[in-house]
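Subject: Structure for your review, with notes

Dear colleague,

Please find the structure below, followed by my notes on it. I would be glad if you could read them side by side with the coordinates.

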Amino acid sequence: MGAEADVRTSPPPRKRLRTEIASNAQTNRQEPRLFAPFRALGLITNSVPFVLQTRSHKGATDGPRVHLVTCLGKAWAMWEGGKMGLLFVGPDAPMPIASLAMDGNAVWASSGPYVIKYLRGKEVERFANPLETHLTHILIFGTQLLALTEDGSRMLVWDTNSGELQTTIQFEPGFTAIMIHHPATYLNKVLVASSQGSMQLWNIRTQTLIHTFAAASLLTSPSNTNSTAITALARSPAIDVVGIGFSSGEISVYDIRADERLMRMVMQDGGIRALSFRSDGHPILATASSTGHIALWDLNSGGRLLHLVRGAHDGAVTALEWIPGQPVLISSGEDNSVKQWLFDSPTDAPRLLKFRSGHHAPPHLIRYYGEDGKQILTASRDRSLRCTSVVRDSRSFELSQGSLAKKAANLSIPIASLKFPPVSALSYSTTRSKDWDDILTAHTDEAVARTWTMKDKRLGKHVFTVSGDKKKGASVGSVKAVCVTACGNFGIAASSTGVINMYNMQSGILRRTFNIGPCPANVPSRFRPTAVSGKKKEERCITGVASDALDRVLVASTLDGTINFFDFHTAALEHTLVLPSAAVSITLHRDSGLLAVICDDLVVRIVDIETRRIVRELGGFRGRILDLAFSPDSRWLVTTSMDSIIRTFDIPTGRLIDLFRTSSVATSVTFSPTNDFLATSHVDSVGVYLWANRAQYSEVSFQSIVEDDVVDVALPSMQGVAEDEALEALSALTVQEQPTDVFVTPPQLDGDLVTLTLLPRARWQTLLNLEVIQQRNKPKEPPKAPEKAPFFLPTLPGVEPRFALEQKQAEEKKKKETKRLQRAAGSSESIFFKKLSEAHASQSSDYEDFFNYAKALSPAAMDLELRSLVTIEAQQMFLAALTHRLHSHRDFEAVQTFMAVFLRMHGEILASNAELQHDLETLADAQRKESERLLELLASSLGTLSFVRDTM
């Protein structure tokens, strides 16, 4: 009973603790004013090995279902093995995940000192290390959870049902545990591998060391055992036999029951990172090295090498797993990819069946492609150009550079060495993307620009050179800037030697050359290019080119600080704008004609290409400006700099309206053409991060802020939270502070002015002449009701048919009101009189509520209310209301109208009652003063107006 009570009472405290942690993290987290972290793109896996799980369903004809769980840093992702589609993304763990495991529907992850259990992408349980040290390798062992500490000195054992820590196993000094493995059919026993090359067999239930496998028996050369660690363990289909991989590249197939090594193989290209035995009847062992190669060994032939897949991954291979019962091998690597290899026959070389990959080096240049905001072109230092889909990860792909795999295999070199150098500049136009190449790129230290086609997902047909003079010995500079015109017909390439060539994108023929000319005389001497010895012509480095939307103007910036405007058709240099500093790069917003220039003095200057003048200068940067992007409506300019701050400027006002600091420097930014997302790439991550634009979901105040208002924001995760929480976050994208609207007119501009009601003049004229209007509209005779006969005429009883006559007297009696109704009607007060009485009782200074209600009444209703003021008390209150309203200088014409109608209705009563004389005198004095003031103000205004009219 006590154990059952513990089981029932232990989970709630863990849930409460986790909720408090999550709530504290949510309250402490700061978010920028304009952009909210949304999600990350392009993350597939990292150096943590993936976990494979297969499920067979009764009656299934398509084989077992395969699920993969990969690590994404602090989160994990579950993939469906058939089409490599994304199923789940787990929430962020407190710290980076060090190990993963699966048990049925549950996913286990070790994060710092915690081991967290997830079900369907949501955290349900968390185990904490009482020693508060980090945990590395974990293993689900029946109803027990095994975990190794980071220093390798202890192994912790939890009961997964109760959540209690059952035992702690302490290893002897000199044994640093790094891996746990459960041999098949071994009850309550696990193998623990060490970084010293030795291995131990432990009984978990009795906590006893059964046997120690010395490094000398596992390795061939005992002299190197001190520096050789066990890096991989694999279970074989044969009982008692395991595969052991070492950091020296040696592989041992070992019988742990007989303590005997059965086979020995060696990979020459680095340490072993993963092992896996084929399980469909063919005795084949697959091994992977730290250099990215996969080797296949025939165990029937004593470990003969069958095939070696060189460059299977562009980095170390982290995990290998055979799908049970299928000739398919799954591998993952540190190059951010998961690949499936198919073996058509036991002796044939494997072929790549399907894969999911991303950049394996941080992207440094990203640009939204197209007008729908669904694709992003990303260029990375891994020498690849990829298209990343914002909508679905399976639609992302790498633009092909040709059949490099075959060349690399023939030359025995990595594929990356055959790729083009990293992209340094990129431009595109989707206007003619269905007809010919639509992307143009420049590469680092290359003298040519290359075209690409997004439709065919590959390298284009043409290569554009920037060679100027064809004389012998002429220097050929590298391409620094490229541009594709808005029409998609021309591609422009500019070099570091000042050559600007324009090519036809369809045919690749050189159409025009733009001559930049010599450096202007008014350029500061420190920016002038140094003359090359033996040459008369100075070389001016082009840093950026751009063309307008109608192909009328070509703009080129130079490193010596000039913006040059060319006529697009004649190639004539029309104007040169000299900047105070060197121009690093330019970005043109074609719809608005605004050109943003990143200058070397940490200032972004905005130039209007129509007037060819600097219209804004945006500063405040504390580091070199790396990239910028316009919003689609050209109202905002988003910049990133070396100080790791992303700033947003409001271009019309030239003010800073948002800034936030990220954990790492953002190397490139791009704004979605649909204005919903800002995408960033960072120096230490292979992903592309999306930030939701708050202005798309709620009203955001664009207040000017200062540099000290910067907030630190964490990068978005792969998914972040569950879908319902994400929707709640989007609906709550509001800014707390709501500024006062300066465009709302106050009730009264100044106390000395006379304010009118702004109601139409016809309302007051109607009220003044209501009796005349009613007399004119009075009908000549009352309307006659048409005679109506009932459908069944009532008859009286008798032989002769006689109709029953209506008794009019009875109806007249029913229509007459009773005395009770008359007394109730006489005692009831109208809303008009109630508001007048409340304002008089509260001694209001301006009777604001009363006059607001009176102005809302129709002329006929107001006339009736004024006629109902028959008592002397009611008339005194109304006279006081008119007097106070005149003193407040408001509703002047309304007060005049009410006064005229009231005096005309009740003039005789007012004159015959002495009690009202004082109130009438006070009202007359206020009326005289206000009329004189109004006449003075009108006379002054008319005099000023006539003076202005005469002088003009």
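Is D280 buried, partly exposed or exposed, going by its relative accessible area? D280 is partly exposed, with a relative accessible area of 25%, on the scale where buried means under 20%, exposed over 50% and partly exposed in between (1.4 Å probe, protein chains only).

Before going further, please note that this is a predicted model, in which local features need pLDDT of at least 70 and side-chain atom pairs count only at pLDDT 80 or more, while totals for chains, interfaces and linings use all residues. Residues are numbered from 1 along each chain as its sequence is written, and side-chain values use heavy atoms, with hydrogens and water left out.

Overall picture

The chain contains 15 helices and 59 strands, these being DSSP runs numbered from the N terminus (H or I of at least four residues for helices, E of at least two for strands). Of its 952 residues, 48% count as buried. The accessible surface is about 47900 Å², with 52% of that belonging to carbon and sulfur atoms, as computed by the Shrake-Rupley method with a 1.4 Å probe. Among contacts (heavy atoms within 4.5 Å) with a separation of 6 or more, 49% involve residues 24 or more positions apart.

Salt bridges

The structure holds 32 salt bridges, each being a side-chain nitrogen of Lys or Arg within 4 Å of a carboxyl oxygen of Asp or Glu. The partner of D280 is R278, with the closest N and O atoms 2.7 Å apart, and R278 counts as buried at 4% relative accessibility. In the salt bridge of E123 with R126 the corresponding distance is 3.1 Å; here E123 is buried at 19% relative accessibility, and R126 is buried at 14%.

E574 and R612 form a further salt bridge, their closest N and O atoms lying 2.8 Å apart. This pair links distant parts of the chain, 38 residues apart, since E574 sits in strand β45 (residues 573-578) and R612 in the loop between β48 (604-608) and β49 (613-618). E574 is partly exposed, at 43% relative accessibility. Elsewhere, salt bridges with shared partners join E848, K855, R885, R890 and D891 into one network.

Nonpolar cores

A nonpolar core is taken as a set of buried Ala, Val, Leu, Ile, Met, Phe, Trp, Tyr and Cys residues joined through side-chain atoms within 4.5 Å. The largest has 36 residues, of which F35, L68, I330, F660, F671, L678 and W691 touch the most other members, and its largest share, 3 residues, comes from strand β54 (residues 666-671). Leaving aside residues up to four places away in sequence, L68 touches F50, V51, L52, A77, M78, W79, M84, I330 and V338. Another core, of 33 residues, lies apart from it and includes Y847, A874, F892 and A894.

In helix α10 (residues 831-841), the buried residues are F832, L836 and A839. Seen down the axis of α10, they fall within an arc of 70°, so they line one face of the helix; the arc is that of the directions from the helix axis to the C-beta atoms. E838 and A841 are exposed on the other side, while the cover over the buried residues includes α11 (848-856), α12 (859-867) and α13 (872-887).

Helix α15 (residues 917-951) has buried residues L923, A926, Q927 and E930, and what covers them includes α13 and α14 (892-912).

With kind regards
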